[in-house]
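I wanted to go through this one slowly and jot down what I looked up. These are my notes, in the order I made them.

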Amino acid sequence: MTERTYSQGWKEITLQNERGMSFSVLNYGGILTSLYAPDRNGKSENVVLAHDSYEDYIGDPNYLGALIGRVAGRVDGSSFQLNGKEYNVHANEGKNSLHGGMEGLHNKIWEMTTYQEENCTGVVLTCESSHLEGGYPGNVSIQVTYELDNDNQFSIYYHAKSDQDTALTLTNHSYFNLSGNAARTILDHHVQIASDKYVELDTDLIPTGNIESVDGTPFDLQTKTPLRSRLLSDDPQIQLANEGFDHTFLFKEGQKEKIVLQEEESGRVMTVETDQPAVVFYTGNNLSKEQLLTKGPAKKYDGLCLETQSSPASLHHEGFPSIMLKAGETYQTNTKFSFDRK
Ligand code: FUC
């Protein structure tokens, strides 16, 4: 374990396993600032995007590596009804609310405690979000654990409890790039998602509520698919998201491996398992050269996010798994990213 302190009092913890993997996390936003995984030849390199200067994490429009909540994704019109009452949450993207608004979890200082067990090592992050913070009801205690084991599995466990009924769906906003230190874009990554349905977006990227079949569309990623042709497709849904995916894919039942991501040149393969019903698959369509990353200026498609979660579309539409958390009940979910090489 190593610990670093930054001028603004931020702390960063780095933990490693016995198989060439390590990760670093900042107490600011619970941001995953690095995740090192070995390539085909055993060379460990960073597989998530990171800012060069730590100040750039403040107000980062791309939410690099951050924990996201209370409601990950977009809340249409920044309002919703709960128990017959209307709640207005903070609008931070026109009239809509993105990723919990300005007071989202990505902006919080989290407490961090590390642990070491026989086969794994981890860090537990905790924070409190008070009643009406960001406009959301209930005092909520949140605990997120990042854990790395000796089988090269990196897991995120989410845990929350509220003293009032509220809306909650948490995720992590890491941008994966398996080429290592973002040497190549994600255009030549292959992806497979166990999903036969995706959620249509309007021009503000708000779910229309229409659940569409992937059949015969660029959204059919049920077999291993190179991303390039899909991202460069003239499909109107791909076009409106600034030439890429920024969509919720609803997982099929009964398949343990929900997502497989592969970069053939490095040989890295990442498999995602989750108990969440969906993923927002975002292909870094808005990354641009104004942001300086550790590898140099960012560019479109430098990384992709796999935001496992439930959809905030459920706040306004039928047919989606609910994101309501009842007072006193426990929100508990997990997502596991397993690394391998081929
Ligand atoms: C994702 C996308 C958004 C946005 C943000 C930084 O979650 O859904 O469109 O660009 O990340």
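**Notebook: loops, ligand and salt bridges**

I started with Asn 181, which I found in the loop between β17 and β18. One thing to keep in mind from here on: I am looking at a predicted model. The phi angle of Asn 181 is near 50 degrees, a positive value in a residue that is not glycine. Buried or exposed, or something in between, for Asn 181? I got a relative accessible area of 39%, so Asn 181 is partly exposed.

I then checked Ala 182, which is also placed in the loop between β17 and β18. Ala 182 has a phi near 50 degrees too, again positive and again not a glycine. With a relative accessible area of 8%, Ala 182 is buried; the cut-off for buried is under 20%.

**Backbone, continued**

I looked up the peptide bond between Gly 69 and Arg 70 and found it to be cis, with omega about 0 degrees. Arg 70 belongs to the loop between β6 (67-68) and β7 (74-75).

**Ligand site**

Where does the ligand sit? I found it in the largest pocket. I listed the residues around the ligand; among them are Pro 61, Asn 62, Tyr 63, Arg 74, His 99, Tyr 175, Leu 205, Asp 246 and Tyr 282.

His 173 has one 2.7 Å from a ligand oxygen. For Glu 307, a side-chain N or O atom is 2.9 Å from an oxygen of the ligand. Asn 286 places a polar side-chain atom 3.1 Å from a ligand oxygen. I also looked up the cover: the ligand taken alone exposes 290 Å², and the protein buries 94% of that.

**Salt bridges**

How many salt bridges does the structure hold? I have 17 in the notebook. I followed a few of them.

Lys 326 pairs with Asp 165, with 3.8 Å between the closest N and O atoms. I noted Lys 326 as partly exposed, at 43% relative accessibility.

Arg 228 bridges to Asp 188, and here the closest N and O atoms are 3.0 Å apart. This pair links distant parts of the chain, with Arg 228 in helix α1 (residues 227-231) and Asp 188 in the loop between β17 (175-176) and β18 (189-193), 40 residues apart. Arg 228 counts as partly exposed at 36%, and Asp 188 is partly exposed at 45%.

Glu 264 and Lys 224 meet through their side chains at 3.3 Å, N to O. Glu 264 is in the loop between β23 (259-263) and β24 (268-274) and Lys 224 in the loop between β20 (207-213) and β21 (225-226), so the bridge joins parts 40 residues apart in sequence. I have Glu 264 as partly exposed at 39% and Lys 224 as partly exposed at 41%.

I also found Lys 43, Glu 45 and Arg 268 linked in a network of salt bridges.

Leu 125 is in strand β12 (residues 120-129). Leu 125 is buried, with 0% relative accessible area. Its C-alpha atom is 8.1 Å from that of Tyr 146, which is 21 residues away along the chain.

Conventions. Residues numbered from 1 in each chain as written. Predicted model: local features only at pLDDT ≥ 70, side-chain atom pairs only at ≥ 80, totals over all residues. Heavy atoms only, no water. Salt bridge = Lys/Arg side-chain N within 4 Å of Asp/Glu carboxyl O. Buried < 20%, exposed > 50% of the residue type's maximum accessible area, 1.4 Å probe, protein only. Helix = DSSP H or I, 4+ residues; strand = E, 2+ residues; numbered from the N terminus. Near = heavy atom within 4 Å. Polar contact = N/O pair within 3.5 Å; in protein donor to acceptor, adjacent residues only side chain to side chain. Areas by Shrake-Rupley, 256 points an atom, 1.4 Å probe, with all protein chains shown as cover. 1 Å grid on protein atoms, 1.4 Å probe; cavity = no way out; pocket = protein on both sides within 12 Å on 5 of 7 lines; lining within 4 Å. Sits in = over half its atoms within 2 Å of the grid points.
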